[in-house]
Amino acid sequence: MADVAAPPLLVKNMNPHPVAPGAKLHLQFDDRPLTIEAGVWNGGDADWRSVQNGIITLPEKKEAYIYAIHTSWKKGNAIYAFFIEVR
């Protein structure tokens, strides 16, 4: 990971992807990370939570969310972001 943009900048040109309340998001990596954390972006940080079995349960409340995903491997770290709208 080198000079990574904040999640809002990573998704700024994206439209939110519509999802159902409480939907399950399944993360899959070809090279499985040692750790995965995910959280809703709030201003300057996310409410990081450990991801078990690559599954994130998305919020129930109908609104737009920016999610941040932090992964780590022996060789380094990566941050991903996605934009959803619970409908």
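**Aromatic pairs in a predicted model**

At 6% relative accessibility, Tyr67 counts as buried. Keep in mind that this is a predicted model.

Biologist: How are the rings of Tyr67 and Phe82 arranged: stacked or tilted?

Modeller: Take the distance and then the angle. The ring centres of Tyr67 and Phe82 are 5.2 Å apart, with the planes at 0°. Planes under 30 degrees apart count as stacked. So the pair of Tyr67 and Phe82 is stacked.

Biologist: How far apart in sequence are the parts that Tyr67 and Phe82 tie together?

Modeller: Look at where each one sits. Tyr67 is in strand β7 (residues 64-73), while Phe82 is in strand β8. The pair therefore ties together parts whose separation in sequence is 15 residues.

Biologist: And Phe82, is that one buried or exposed?

Modeller: The cut-off for buried is under 20% relative accessible area. Phe82 has a relative accessible area of 17%, so Phe82 is buried.

Biologist: How many aromatic pairs does a search of the whole structure find?

Modeller: The two rings above make one of them: Tyr67 and Phe82. Another is Phe29 with Tyr80, a tilted pair with centres 5.9 Å apart and planes at 55°. Phe29 lies in the loop between β2 (24-26) and β3 (35-42) and Tyr80 in strand β8 (residues 76-86), so that pair ties together parts 51 residues apart in sequence. Over the whole structure, the count of aromatic pairs is 3.

Conventions:
Residues numbered from 1 in each chain as written. Predicted model: local features only at pLDDT ≥ 70, side-chain atom pairs only at ≥ 80, totals over all residues. Heavy atoms only, no water. Phe/Tyr/Trp six-rings, centres within 6.5 Å; stacked < 30°, edge-to-face > 60°. Helix = DSSP H or I, 4+ residues; strand = E, 2+ residues; numbered from the N terminus. Buried < 20%, exposed > 50% of the residue type's maximum accessible area, 1.4 Å probe, protein only.
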